[in-house]
Amino acid sequence: MYRKAMLTAAAVALAVAGLATSAAAQQRDYIQIVGSSTVYPFTTVVAEQFGKTTKFKTPKVESTGSGGGLKLFCAGVGVEHPDLTNSSRRIKNTEVERCGKNGVKEIVELKVGYDGIAVANSKKSKALSLTPRDLFLALAKDVPANADGSKRQANPHKTWKDVNPKLPALKIEVLGPPPTSGTRDAFVELVMDAGCKEFAAIEKMSKQPRRAACRTMREDGHFVEAGENDNLIVQKLDANPDAFGIFGFSFLDQNTDKLQGASINGVKPEFETIADGSYPVSRPLYVYIKKAHLDVISGMREFLAEYTSEKAWGEDGYLSDKGLIPMPKQERQQFSSDVKNLKNLAL
Amino acid sequence: MATPPKSTIERVRATLARRNRAERRFKNLGRAAVLLGLVFLVLMFVNIISTGYPAFWQTYVKLPVYFDPQVVDPQGNRDRETLGSADYGALVKASVRSLFPEVEGRRDRRDVAKLASRGTVFQLRRMVLADPSLVGVRTEIWVPVDDDYDMLHKGNVDRTLPEADRRLSDRKIGWFDRLIAEGRIESRFNATFFQAGDSREPELAGIWGAAMGSFFMLVVTLSLSFPLGVATAVYLEEFAPRNRVTSLIEVNINNLAAVPSIVFGLLGLAVFINLFGLPRSAPLVGGLVLTLMTLPTIIIAGRAALTSVPPSIREAALGIGASKLQMIVHHVLPLAMPGMLTGTIIGMARALGETAPLLMIGMVAFVVDIPQSVTDAATALPVQIFLWLDSPERAFVERASAAIMVLLAFLIAMNALAIVLRRRFERRW
């Protein structure tokens, strides 16, 4: 009896191994999407809508981060490689080159909308009004020791009052995303660089040292890298009213009963202020399309048509319900026609 | 003057109190440790169950629906293509607005239509496609409400907060309260949660897709790792000579059992996906990776079970003329099997709860369609929990806790099975 059991087990194992080899040659009948965790909540809504209202299968959307997604996207052409990738930043020149080397020569760029980055704290505490300069002075590793920034010192600021006498004497404690995150990239670019610009001597430095001076975050416990999970930051802020968090606007939007966003340059992070561009910390979100797959994978054109339809990304579309800030009408029309005409990416 | 030597009993008495105290201290310390462990366990359960319990209920609203032929089938020829692509959203909007005829203004009319879940559109479409004779019919159907209202009905929205601080304005709460007063709101068992795949709408999201993904993965893992593990254990324990090579293998197996699971994910990505060209996100690859991970556990448990079979059994079998293989297959293996099975089940339970290696092979994905085979795109239960906890919608937190409860139930069942097997079949010599 045991011999029989062993024989059956061996047969099953062989069958599985056989399946493994046959699966390799299989044709893919669904769209494969990878990329940014910030764009993930939006692309998945479109994917679900698409899968449930058309004859096509629901696309599979992986959350790999912008950089990881572009790496997979650029790995080559063929059914084993993804068709689309989400990105919370624009594709880089080096990435286009890598794509080209692997045969991915034609890429179409689709901007899908905007996302705001909020600096928020618990409602139990006071709301602050900050400027990029305040945030730079509070969070950079080295800060200017004199007015024009020609001398620099390790960041001595312990409270917000040290940074700007108008702010309360609240301990600086900011939870933010790690360097691998697209949110972090956008934050340093939009806030830290802008704060840096106000110091003439730093502004005059050459590119590399200037970047190091502006973009290095402090590591003495006042800025804490809290991981990629924004919900975790939200929970931590609720438990610790003194702390601030840096995360995507949609999480602030879903937690308005617990959190409040700090004004940046006097503008509060709100749907309308991000849409009209008056809130300074917002970034575009992209989807990149592999042209060579358009006629190989069924449903790709229809999926893109769904994504660029007014009922999805329009002002009253279902994506805006999920927290995506729509582009102005003209921009929407332009990107929609670019995608329809498959205009190649030009950096 | 020297003291007279103490008698034994005196020496015992002198230290008795101290030794008794030491024993009590140790016992109390042990109790405190157990108690501390229990307190944390209870805290975890209370936290998960109290958050996750409401997810097993879903708020439904009764909608009067008119399957308007003008919208659904303007030509009237019941063509499936037309029926499939009709604007069911318009039906839902018309239906909700008919409950609130007084609501005016573009924004309010739009908001009121969002009372019903976005899934209502798909539900109506399915109904019509399944039964085209519904076109032109007026009926009342129960549909899930949007997750914000579901949270309100479950008491997760604090009505005392100022209006600006809530996800739902006073108007919206007013609409909902009116529906309650009209008897159109009902809390029902959330069957969707156990039948559906993932969704971006919390009220439509379910764990069935993830559960099937986990199931396929465990089938692959079990069918590969059990025979391989048992064969390896038997060979190493019964046949292999004791020399440098085998002891090197032994050290390596013990080492592998302690390797962090993410490493197996990296290996899986490099070998199974990049080298063999297997599809990403498939339970097949997940199962293969988990096989690598559980093999050492099964081999170690199997060898321990084999060594615990007393040599007298082997000698008796050999003594009456059995060959070595007969001795193993007829006598040793049956006696060692309960121990091996226990090890296997514990290994499987560990594989079920594993996420880290799955990150690398693309199983952290949004998969709506229920996987039908080991090569379909799928995700797994613990990954689903991770994805839901990462979503901004508040209602997903409770769904995630409910999914944790389901996962824990599976794990407890598997471990209980292991204990039962051990109790029932284990023999002591």
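Two residues are in contact if their C-beta atoms, placed from the backbone, lie within 7 Å. By that rule, residues 24 or more positions apart account for 72% of the contacts in chain A with a separation of 6 or more. This is a predicted model: local features need pLDDT of at least 70, side-chain atom pairs count only at pLDDT 80 or more, and totals for chains, interfaces and linings use all residues. Residues are numbered from 1 along each chain as its sequence is written, while chains are lettered from A and ligands numbered from 1 in the order in which they are written.

Start with chain A. It holds 16 helices and 13 strands. Helices (H or I, at least four residues) and strands (E, at least two) are DSSP runs, numbered from the N terminus. The C-alpha trace of chain A spans about 75 × 60 × 45 Å along its principal axes. Of its 347 residues, 44% are buried. A residue is buried if 20 or more other C-beta atoms lie within 10 Å of its own, exposed if 12 or fewer, and partly exposed in between; these C-beta atoms too are placed from the backbone.

Now look at strand 10 of chain A, residues 244–248. Five of its five residues are buried. Which strands pair with strand 10 of chain A? Two strands pair if DSSP finds at least two bridges between them. Strand 4 of chain A (residues 107–122) pairs with strand 10 in the antiparallel sense, over five bridges. There, Ile117(A) stands opposite Gly248(A). Strand 8 of chain A (residues 174–176) pairs with strand 10 in the parallel sense, over two bridges. Here Val174(A) faces Phe244(A) as its opposite residue.

Turn to the helices of chain A. Two packed helices are described by the angle between their axes and the distance between the axes. Helix 7 (residues 182–196) and helix 9 (residues 207–215) of chain A pack at about 100°, with axes 9 Å apart. Axes are lines fitted to C-alpha atoms, for helices over the stretch in contact, and angles run from 0 to 180 degrees between N-to-C directions. Helix 7 and helix 9 of chain A are therefore roughly perpendicular to each other (65 to 115 degrees; under 35 is roughly parallel, over 145 roughly antiparallel, and the rest oblique). Helix 7 brings Val188(A), Met192(A), Asp193(A) and Cys196(A) to the contact. Helix 9 answers with Ala213(A), Cys214(A) and Arg215(A).

Chain B comes next. Its secondary structure comes to 18 helices and four strands. Its C-alpha trace spans about 105 × 70 × 35 Å along the principal axes. Its radius of gyration is 31 Å, but a compact globule of 429 residues would have one near 22 Å. That radius is taken over C-alpha atoms; the globule rule is 2.2 Å times the number of residues to the power 0.38. In chain B, 40% of the 429 residues count as buried.

The domain assignment, automatic or from a database, gives chain B domain 1 (61–188) and domain 2 (208–425). Their C-alpha centres lie 46 Å apart.

Chain B also has an open sheet of three strands, in the order 2-1-3, with antiparallel pairing. Its edge strands are strand 2 (138–144) and strand 3 (185–189) of chain B. The twist averages 40° from one strand to the next. Strand 1 (residues 57–66) and strand 2 of chain B pair over seven bridges. Leu63(B) has Ile141(B) as its bridge partner in strand 2.

Finally, the interface. In all, 41 residues of chain B are in contact with 39 residues of chain A. Helix 10 of chain B gives the most to the side of chain B that touches chain A, with five residues.
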